[in-house]
Amino acid sequence: MKKEDKAVIIKKIADTISGYNCFYLVETAGLDAEKTQQLRAACNKADIKLMVVKNSLLHKALEGLEGDYSELYSAFHGATSLMCSNTGNAPAKLLKDFVKKGDTLPVLKGAYVEETVYLGADQIDTLASIKSKNELIADVVALLQSPAKNVISALQSGGGKLHGILETLSKKED
């Protein structure tokens with residue numbers, strides 16, 4: 001491969017990575033054509049960009065980006081597929097679904113999510129349980145609404161009791 005071609009590919013990889021919030025490094029070399037097609041379809045459905053990359057070109061692309069990716073370099077062995085997503089837990093959930101179906105592949109090599117590095121296949125459960133930005137916002141909104149709902153409920157029930165007491169007292173005087 002010519003040096004100019006490598007530079008173009010490195011730039012494409014770097015642009016792809018910088019366009020997403022997180023990325024996963026996955027071993028997919030042992031998948032047959034049918035399983036690979038199923039994985040690609042599942043990635044497209046989940047808005048995950050899947051691309052097979054050469055480790056050396058990925059290494060150079062990461063070196064050119066801002067941030068420290070040096071912990072991931074140890075995962076650059078064998079064939080590597082890059083899964084990029086804007087939702088931190090989406091690729092992990094997708095990989096877990098494939099493993100549940102009895103497949104031994106794809107295997108997680110490493111991940112970079114929310115400026116944190118995860119290495120090894122044993123991290124898949126941790127990554128799958130990470131809440132997305134939208135889930136965290138929903139949790140915060142629910143927490144903020146809870147006290148207001150309690151106050152409104154107390155006022156409404158208190159108003160009903162007060163009305164009942166006043167009505168009883170007014171009937172008693174008659």
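What follows is a short chat about the sheet, a helix, the salt bridges and a surface patch of a predicted model.

Me: What should I know before I start?
Reply: This is a predicted model, in which local features need pLDDT of at least 70 and side-chain atom pairs count only at pLDDT 80 or more, while totals for chains, interfaces and linings use all residues. Residues are numbered from 1 along each chain as its sequence is written, and side-chain values use heavy atoms, with hydrogens and water left out.

Me: In what order do the strands of the sheet come?
Reply: The open sheet has 5 strands in the order β2-β3-β1-β4-β5, with antiparallel pairing; strands (E, at least two residues) and helices (H or I, at least four) are DSSP runs numbered from the N terminus, and two strands pair if DSSP finds at least two bridges between them. The edge strands, each pairing on one side only, are β2 (49-53) and β5 (116-119).

Me: How many bridges join β1 to β3?
Reply: Strand β1 (residues 22-27) and strand β3 (residues 80-85) run antiparallel and are joined by 5 bridges, and the bridge partner of Y24 in β3 is M83.

Me: Switching to α4, which of its residues are buried?
Reply: In helix α4 (residues 90-100), the buried residues are A90, P91, A92, L94, L95 and F98, where buried means under 20% relative accessible area, exposed over 50% and partly exposed in between (1.4 Å probe, protein chains only).

Me: And how many salt bridges are there?
Reply: A search of the whole structure finds 4 salt bridges, each being a side-chain nitrogen of Lys or Arg within 4 Å of a carboxyl oxygen of Asp or Glu. One of them joins the side chains of K109 and E27 at 3.8 Å, N to O. That pair links distant parts of the chain, with K109 in strand β4 and E27 in strand β1, 82 residues apart.

Me: Are K109 and E27 buried or exposed?
Reply: Both K109 and E27 are buried.

Me: Which helices hold D125 and K96?
Reply: Their side chains meet in a salt bridge of 2.9 Å, N to O; D125 lies in helix α5 and K96 in helix α4, so the pair ties together parts that are 29 residues apart in sequence.

Me: Last one, which residues form the nonpolar patch on the surface?
Reply: The patch is formed by I165, L166 and L169, and L166 sits in helix α6 (residues 133-173). L166 counts as exposed because its relative accessible area is 51%.

Notes. Patch = residues over 30% accessible without salt bridge, like charges linked within 9 Å, V, L, I, M, F, W, Y side chains within 5 Å. Areas by Shrake-Rupley, 256 points an atom, 1.4 Å probe, with all protein chains shown as cover.
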